Amino acid sequence: MTLKLTPLAKEGLVFFVNENNPIDGLSLKQIRDIYSGQLKNWRAISGINAKIAPYHQPISAGSRIAMEAQIMEGMTAEPSTLNNSSLADKSSLAEGNHYYLNNLESIGYSFRYYVARDNSYRRIKTLAINGVEPTVSNIRSGRYPFSVDLFMVTTGTVSEPTQQLMDWFVSEQGQALVEDVGYVPRE
């Protein structure tokens, strides 16, 4: 079976902290050190003498899979400070993030889509990675280091209605919808 991948949008895995945390960015090494448990206090990064409280998404979440594959690269991630067993559904995930993110010590990650559309994320700030902000233009261009492509996937011969839908999604109007719902339109 041959799969045909048609680019639909771009997305970025973003890291965030409480809006009152003075840091604005981290290096890839600092993220690895935080999530592997090697870096345990914000003092080494920001001067705040506070224990770092890293948050993990649930094991089955796409953002957790992307984080471990793209960032940890086989390193063992320390267990989260938040009990993920209570985060079985999206509403619990949003509630858990809201509670957790109100802590100055916290750091978390998610796809930009969820951060852009979820009101519970309003009291956070996203971090630059290796000096690159997770802006729409940086994600679209691939300059942001954790940018990924989102695809429509088809197999075999595509029916006319399916082709029309695919053509619409890559049209100016379709890409406007992609942007309206919180994804980054393709180039």
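Mentor: Start with a term. Two strands count as paired if DSSP finds at least two bridges between them. Keep in mind that this is a predicted model.

Trainee: In S4, what is the bridge partner of Phe15?

Mentor: Phe15 has Tyr109 as its bridge partner in S4. The two strands, S1 and S4, run antiparallel and are joined by 5 bridges.

Trainee: Which residue stands opposite Lys4 in S7?

Mentor: Thr154 does. S1 and S7 (residues 147–155) are antiparallel too, with 9 bridges. S1 also pairs with S5 (residues 124–126), antiparallel, through 3 bridges. There, Phe16 faces Thr126. With S8, S1 forms 2 bridges, again in the antiparallel sense. Ala9 stands opposite Pro185 in that pairing.

Trainee: How many residues of S1 are buried?

Mentor: 12 of its 16 residues are buried, so read S1 as mostly covered. There is a general idea to hold on to as you look at a strand. In a regular strand, side chains alternate between the two faces of the sheet.

Trainee: Now the rings. How do I describe a pair?

Mentor: A pair of aromatic rings is described by the distance of the centres and the angle of the planes. The whole structure holds 8 aromatic pairs. Take Tyr35 and Tyr109: their centres are 5.6 Å apart, with 75° between the planes, and the pair is edge-to-face. Tyr35 lies in helix H1 (residues 28–35) and Tyr109 in strand S4 (residues 106–111), 74 residues apart, so this pair links distant parts of the chain. Both Tyr35 and Tyr109 are buried.

Trainee: Why is the pair of Tyr113 and Tyr183 stacked?

Mentor: Planes under 30 degrees apart count as stacked. The planes of Tyr113 and Tyr183 stand at 10°, with ring centres 4.2 Å apart, so the pair is stacked. This pair also links distant parts of the chain: Tyr113 is in helix H5 (residues 112–117), and Tyr183 is in the loop between H8 and S8.

Trainee: Is Tyr113 buried or exposed?

Mentor: Buried, because its relative accessible area is 14% and the cut-off for buried is under 20%. Tyr183, at 25%, is partly exposed.

Trainee: Which residues do ring pairs link into a cluster?

Mentor: Phe15, Tyr35, Tyr109, Tyr144 and Phe146.

Trainee: Next, a helix. Which residues of H3 are buried?

Mentor: In H3 (residues 62–72), they are Ser63, Arg64, Ala66, Met67, Ile71 and Met72. They cover an arc of only 160° around the axis, so they sit on the same side of H3. The face turned away from that side carries the exposed residues Ile65 and Ala69.

Trainee: What do the buried residues of H3 pack against?

Mentor: Strand S1 (3–18), H1 and S4. After H3 comes Glu73, with a positive phi near 45°.

Trainee: Which residues touch the most other members of the largest nonpolar core?

Mentor: Leu13, Phe15, Tyr35, Trp42 and Ile107, out of 31 residues. S1, H1, H3 and S4 each give two or more residues to this core. S1 gives the largest share, 5 residues. Look at Leu13: among the residues it touches are Ala66, Met67 and Ile71, which are also among the buried residues of H3. Tyr109, Tyr144 and Phe146 are among its contacts as well.

Definitions and conventions: Residues are numbered from 1 along each chain as its sequence is written. This is a predicted model: local features need pLDDT of at least 70, side-chain atom pairs count only at pLDDT 80 or more; totals for chains, interfaces and linings use all residues. Side-chain values use heavy atoms; hydrogens and water are left out. Rings of Phe, Tyr and Trp (its six-membered ring) pair if their centres lie within 6.5 Å; planes under 30 degrees apart count as stacked, over 60 as edge-to-face and the rest as tilted. Helices (H or I, at least four residues) and strands (E, at least two) are DSSP runs, numbered from the N terminus. Buried means under 20% relative accessible area, exposed over 50%, partly exposed in between (1.4 Å probe, protein chains only). The arc is that of the directions from the helix axis to the C-beta atoms. Contact means heavy atoms within 4.5 Å. A nonpolar core is a set of buried Ala, Val, Leu, Ile, Met, Phe, Trp, Tyr and Cys residues joined through side-chain atoms within 4.5 Å. Lists of a residue's contacts leave out its neighbours within four places in sequence.
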